[in-house]
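Here's a walk through one model, taken a piece at a time. Have the viewer open and follow along.

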Amino acid sequence: MSSYYYSILQGALLTVAVSLASLFVSTILGLLGATAKLSGRRPLVWLATLYTTVVRGIPELVLMLLVFYGAAIGINNLFEAMGSDYVLDLNPFIAGVATLGFIYGAYMTETFRGAILSIPKGQMEAAWAFGMGPVRTFLRITLPQMVRYALPGYTNNWLVLIKATALVSLISLHDMTYMAKQASAATREPFIFLMFAAALYLVFTSISLNVLKRINARYSLGTEKVQL
Amino acid sequence: MSWEIVFETEQLLAYWHGLLTTLSLLLSSLGIGAVLAVACALALTNGPWIVQKLVGSFTYFVRGTPLLIQVYLIYYGLAQLEWIQSRWDDVWPWTHFKEPFFCALLAFALNTGGYTAEMLAGAIRETDPGEVEAARAMGMGRWQIMARIVLPSAIRRTLPPYSNEVVMMLHSTSLASTVPALTDVTAVASQIYSDYYLPFEAYLAAAAIYLCVTFTLIGFFRLLEKRYLAYLAPRRN
Amino acid sequence: MARVPALCLHDCRIFSFSPHPQTKEDKPMTKKLLGLALLAACATTVQAADLKDLKIAIDPTYEPFTYKTADGKPTGFDVDIAEAICAEMKRKCVFVEQVWDSMIPGLQARKYDMIVSSMSMTDERRKVVDFSDRYYKTPSAIVVKKGTAYDAPASLKGKKIGVLKGSTQEKWAMGELKPAGVTVVPYEAQDQVYLDINAGRLDGTVADKVEVHGGFLRKPEGKDYGYVGHDQYETKYYGDGIGIPVRKGQKELLGQINAAIKTIRSNGTYDQIAKKYFDFDPYGN
């Protein structure tokens with residue numbers, strides 16, 4: 001019996017790995033999307049808007065099943081059509097991380113876009129006046145200031161992401177939820193194993209909230225707080 | 001890519017029934033969740049300390065665990081308990097736990113109730129103290145102030161995040177496909193996929209249906225905001 | 001903790017953000033970085049078909065054919081047969097877990113090379129995959145509470161019967177029980193059917209006789225249940241036994257598998273494995 005708990009804990013490690021990897025991918029996609037949307041160039045703006053609208057309008061489960069089952073067949077057919085012998089071996093971890101990162105990249109795009117728009121425009125104008133190129137302005141001026149405005153939305157997205165990793169259990173990735181389901185079906189005692197998995201999720205959420213509160217405090221140094 | 005199979009009458013009818021199930025699940029869980037949310041929000045802001053802690057731990061659990069686990073807990077977990085098993089053949093409330101639709105509905109209603117309760121509680125706490133003082137000066141009692149002044153403005157303030165919550169709930173109803181015997185849109189797509197080996201077409205059709213419903217919901221909420229949050233709109237003349 | 005904004009409902013003004021034309025040095029730099037990143041991503045995932053490892057799909061919720069021990073190791077009749085076949089073919093077995101109703105689509109998507117998980121060889125399936133020779137054949141039956149009167153499918157009218165989604169038993173139940181007024185409920189995995197029978201939501205199941213014995217009847221929760229009705233062998237639903245599917249057109253692999261099956265049947269390995277789990281010969285005739 002105790003080995004089932006151990007397997008759920010191992011699944012917990014995988015859950016954390018999937019969450020962190022998806023966060024990384026979605027942050028990068030979010031930054032790319034936000035800069036595309038704010039670049040002013042019509043094809044980029046159009047592409048980014050299509051990305052966020054479609055991805056945020058479809059349930060994560062449907063998108064995950066679409067990418068995991070549909071994309072693999074599609075890409076392999078493409079390879080076959082091109083005459084190549086290669087087999088794109090999408091292991092479930094990469095498929096899950098890619099899908100979650102892709103989905104939450106859209107949400108991150110909106111968060112980062114809102115944050116960049118909140119930065120007083122004078123900051124960027126001063127940077128241009130100094131002769132900084134767009135990339136340098138972005139990396140040295142925009143990005144650090146954007147972090148403070150983006151943090152509440154980023155925290156939100158991260159908490160939703162942790163819970164969305166439960167969905168990868170439906171594409172047979174051995175995360176916490178999958179192991180809990182297997183243990184409960186094999187021992188016919190679903191309640192205890194599911195509660196154990198739920199408790200672990202609560203632990204992750206609490207730790208994340210704590211860490212992000214500290215990061216928020218660090219990045220809000222030097223700003224005035226509203227006194228009620 | 002063979003789209004002809006997906007557009008056959010049999011499949012389209014299945015998608016239609018799935019859509020009806022999804023919408024009924026969505027609307028019922030939103031309705032029950034809204035009532036629950038108002039009660040919980042009032043408890044969170046006005047209740048005695050112990051009630052606040054209880055409701056607070058309920059929302060903490062609901063917002064800290066994935067909806068998938070909540071659905072499994074209610075469907076499989078509760079079924080395991082001897083106490084419920086011995087009662088669910090004849091005692092009235094517990095007979096419903098046998099039905100998959102009820103279990104899914106309960107899980108979704110509790111989930112949306114928990115999230116909306118926190119949103120509403122936050123909006124109630126943000127009420128302008130001046131309004132409450134003025135109401136007290138007029139001689140209104142505690143519950144009168146709540147019902148006539150605080151709640152209406154709090155509900156209005158919750159409208160934008162609530163619209164996001166409704167869209168999120170629509171997406172979450174796709175998890176109903178994990179409960180056996182519930183045929184919502186995602187479950188229909190999975191069935192077509194395993195019967196005809198067409199993952200792309202089946203899931204793209206499901207995605208298109210969800211996209212349409214999402215746009216409808218967002219349009220509806222824009223109309224609501226135009227009416228109820230008209231004072232926040234930018235100047236037009 | 002407000003939910004993530006789904007779509008922008010307020011003023012969605014997009015500020016035009018490009019102040020002056022890009023300097024020449026920035027463009028090729030970002031292009032190079034993008035190219036490198038893409039290359040790195042491809043390199044980690046694309047690989048030529050490895051000739052050493054053989055990926056085999058199993059659905060480990062089907063005791064005693066495929067299931068997992070408490071420490072997560074796949075075991076069972078199918079798993080042992082697969083290991084024996086791999087040993088004959090001198091390749092390493094790598095087991096991939098897959099939900100039953102997406103077994104064949106996963107095969108078509110090249111997630112694995114073959115399925116050794118008690119898959120029946122029906123005509124419908126032969127349209128999309130190629131099957132090896134048979135490696136066992138056992139009948140299916142209806143399992144309900146002991147003492148239930150039964151002489152025809154109509155005797156179960158109004159009862160709820162659980163089946164595995166995408167299985168031949170589901171086809172049988174939909175074809176024979178559903179028209180007689182029985183409620184047939186498809187489940188994702190067979191052991192979830194047993195969970196719900198245990199809970200009282202289902203009155204019974206239609207399953208492989210050996211599987212339901214190993215996974216349910218011989219356990220304490222199954223002591224009140226038993227078989228009713230005849231042993232189901234109908235080829236219309238069940239095909240002609242259990243085989244190993246591979247993707248269409250893989251003649252060489254299929255030949256190797258068939259040769260391996262013949263070898264283990266003749267040199268006693270098959271009987272050795274069968275004795276571990278059953279007290280009869282599952283090969284059938």
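What follows starts with a helix pair, then moves on to domains and sheets.

First, some housekeeping: this is a predicted model, in which local features need pLDDT of at least 70, side-chain atom pairs count only at pLDDT 80 or more, and totals for chains, interfaces and linings use all residues. Residues are numbered from 1 along each chain as its sequence is written, while chains are lettered from A and ligands numbered from 1 in the order in which they are written.

Let's begin in chain B. Helices here are DSSP runs of H or I with at least four residues, strands are runs of E with at least two, and both are numbered from the N terminus. The axes of helix 2 (residues 9–46) of chain B and helix 3 (residues 49–64) of chain B come within 8 Å and cross at roughly 130 degrees. Axes are lines fitted to C-alpha atoms, for helices over the stretch in contact, and angles run from 0 to 180 degrees between N-to-C directions. The two helices are therefore oblique to each other; under 35 degrees would count as roughly parallel, over 145 as roughly antiparallel, 65 to 115 as roughly perpendicular, and the rest is oblique. Who makes the contact (C-beta atoms, placed from the backbone, within 7 Å)? Helix 2 of chain B brings Cys40(B), Ala43(B) and Leu44(B), and helix 3 of chain B brings Val51(B), Gln52(B), Val55(B), Gly56(B) and Thr59(B).

Now over to chain C, which is divided into domain 1 (53–137 + 240–277) and domain 2 (140–238), with bounds from an automatic or database domain assignment. Their C-alpha centres lie 24 Å apart. The contact takes eleven residues from domain 1 of chain C and 14 residues from domain 2 of chain C.

Strand 2 (residues 53–58) of chain C has two parallel partners to look at. With strand 6 (residues 92–97) of chain C there are six bridges, and Ile58(C) stands opposite Glu97(C). Two bridges join strand 2 to strand 7 (residues 114–115) of chain C, where Ile56(C) faces Met114(C). Strands pair if DSSP finds at least two bridges between them.

Next, find the open, mixed sheet of five strands in chain C, ordered 12-11-13-10-14. Strand 12 (183–187) and strand 14 (225–232) of chain C each have a single partner strand, so one side of each is left without a neighbour in the sheet. The twist averages 30 degrees from one strand to the next. Helix 6 (residues 190–199) of chain C lies across strand 11, strand 12 and strand 13 of chain C, at about 160 degrees to strand 11.

Definitions and conventions
Two residues are in contact if their C-beta atoms, placed from the backbone, lie within 7 Å.
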